[in-house]
Structure formats: C-alpha cells, structure tokens
Amino acid sequence: MRILFITSSRIGDAVIASGAMERIRHDHPGARLTVACGAASAGVFARLPGLERLIIFEKQRQDRHWLSLWSRLVRDRWEVVVDFRGSALAYTLRAGRRIVVRGGRRPGRRYRQIGASCGFDPAPLPVVWTAPQDRAIATGLLPEGAPVLGLGPTANWDGKIWPAERFVALARALDYRRIAVFGGPGEAEAARAAPVLAALPGAIDLVGRVSVVEAAACLARCALFVGNDSGLMHLAAAAGTPTLGLFGRSRASEYAPAGRCAGFVAAPGLEGEAPMEGLSVESVIAAARELAARVGTA
C-alpha cells in the first residue's frame, strides 16, 4: 500500500500539514509513504515513519516542475494521494482516494482548513518526527539544568521581523539563566540573528548549526519559545514547546502557532498590514508571562 503526500516548499507550511499526515499514516498502518516537497522543507520529513521516497521538486518556468513530478509518479498506483498544494496533479494519477486541499486565503486557522479537507474533526495538531540520534544531539547542546528560553529573531522576510533590540529587552526582562537563539542556514539568517547574539553573549548560538530535525529536538527542550512568524515558530509549537508567535505583517488568524500550549501577540493595526515596530516590548513580556503561567497551572 502506497500513500503520496504533495506538500510545501516552506518549512512552516509543511509543519502545519504534518498533523493530518500523521493521522492518515496511523489510519493506514504499514503503508509505504512518498513525500514530494521543496528542498527547504525536506528536513521536516527526514524521520517520518514509513517514508519510502522523498522527492525534491522546485518551481520551474511555465510550471514545468509539475510535469517533471508527474513523470516520476505516474507509473505507480496509490492508495491515497494527498495534495496540500491544491494542484490538479492528484487527478492525473491512479489512486483509490484523492484529497486536494484548496489553497488561497479564507477564514480560519490553516491547520483546521487542512484537517477539514481530510475529513478530520477536530483537526489534528501538527507534529514533529525525530529520532534518538537527534534527541541525543539536542541533549548535548542543551543539557539538563536551568530552563532554557528559545528565541527566534529571524524570518523569511524583514517585514515579519520584530526589532532585534526588543528581543534583547525581552530576554533580559524574562531573566532566564539560559537562552538559545535559533535561526536557519545562510548568511541572511545569520545577519538577522547577529545583533541578538552580540547583545546576549552567554546565549547558545544555534543559528544555522543544526538540521531541521535537530532543531525540533532542541526546541522540545526549551521551557518557552518566543519568535517571529516563521518555520521555527511552527516547529516549536509542533514539538510541544510553549510557543509565543509574534505577528504584524502576517495573519495570526490563519497562521498562529498550533500546539498543546501556544499563543500569539500581534502588533496593533489592520491584520496582516501592521508594522512589527508597533509591537511593544511590554505587550510581548506580558503575553510571555501569561503563557508561562498557563503552563505552570497545567
């Protein structure tokens, strides 16, 4: 039995769909899974149980990437084809069941939209898949001891980034003895995180130093994560870490972190168009303390 998932090139979108994937996997024990995704999100699926094939495909001119992907899939018959990208590809493949998740803007949380499209009510929360070796690396980087505050000061574009000096002020106000700074690979991510690391010289630098699954295992060891709307924010929430997402020029009503203990705080103004500079340190401190209090009560 084979199941095909066609999913996103972005880490955050891939994580958001992971809960539905996990539920489908459990509903078909022993199935051999194929995941088609972009290179950036491939690490999300590195430890997916039952994974048989991981197909990387990237956008090409005139949508040729869809033809290339079709040529790699058309010879097989699939028990289930799930297309989280809303393409027509699922209808061209031999399949017992097809699920095509519609894209585009519409009201409601994205993970719930996906769950409803797959027939799940309530929608399953996102998950992360890690292996013992990933958790061992995380233990080495963040050993037992004082609670760790995780910070995610980067994002895929500057409009979603809370000013670095405010992350520093937040960290000092929350007064955690250990702080870990997370970020993705590449010079742009390093440059965005650099001011925070420079101002917090004792912080553990994990920017571009761990894989996606290793980052997930590290995030699971944090007592609290505060970060911009990014793949790391979604990964933290899926890992079960108390997660506070910061929003301004993206829509919390659709993309707020989804997890067992997650929340958000948004800059004042029209949703999706409010500048991050409008989000005060005081409001984030209050929201972080409220989230931490919820964890303590639970």
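User: Before we start, what makes a pair of cysteines a disulfide here?

Analyst: Their sulfur atoms have to lie within 2.5 Å. This is a predicted model, and by that rule the count of disulfides comes to zero. Cys37, for instance, is in no disulfide: the nearest cysteine sulfur, that of Cys118, is 17 Å away.

User: How do you know that the length of helix H6 agrees with its residue count?

Analyst: H6 covers residues 187-199, which is 13 residues. At 1.5 Å a residue they should span 18 Å, and the end C-alpha atoms are 19 Å apart, so the two agree. There's a kink in H6, though: about 40 degrees at Ala193, shortly before Pro195. Ala193 is also one of the buried residues of H6, along with Glu189, Val196 and Leu197. The buried residues pack against helix H5 and strands E6, E7 and E8.

User: What makes E7 and E8 a strand pair?

Analyst: Pairing takes at least two bridges, and four join E7 to E8, which run parallel. Ala180 stands opposite Ile204 in E8. The open sheet has six strands, ordered E8-E7-E6-E9-E10-E11.

User: Why is E8 called an edge strand?

Analyst: E8 pairs on one side only, as does E11, the other edge strand.

How values were computed:
Residues numbered from 1 in each chain as written. Predicted model: local features only at pLDDT ≥ 70, side-chain atom pairs only at ≥ 80, totals over all residues. Heavy atoms only, no water. Helix = DSSP H or I, 4+ residues; strand = E, 2+ residues; numbered from the N terminus. Expected span 1.5 Å × (residues − 1). Bend = angle between axes of the 7 residues up to and from the residue. Buried < 20%, exposed > 50% of the residue type's maximum accessible area, 1.4 Å probe, protein only. Contact = heavy atoms within 4.5 Å.
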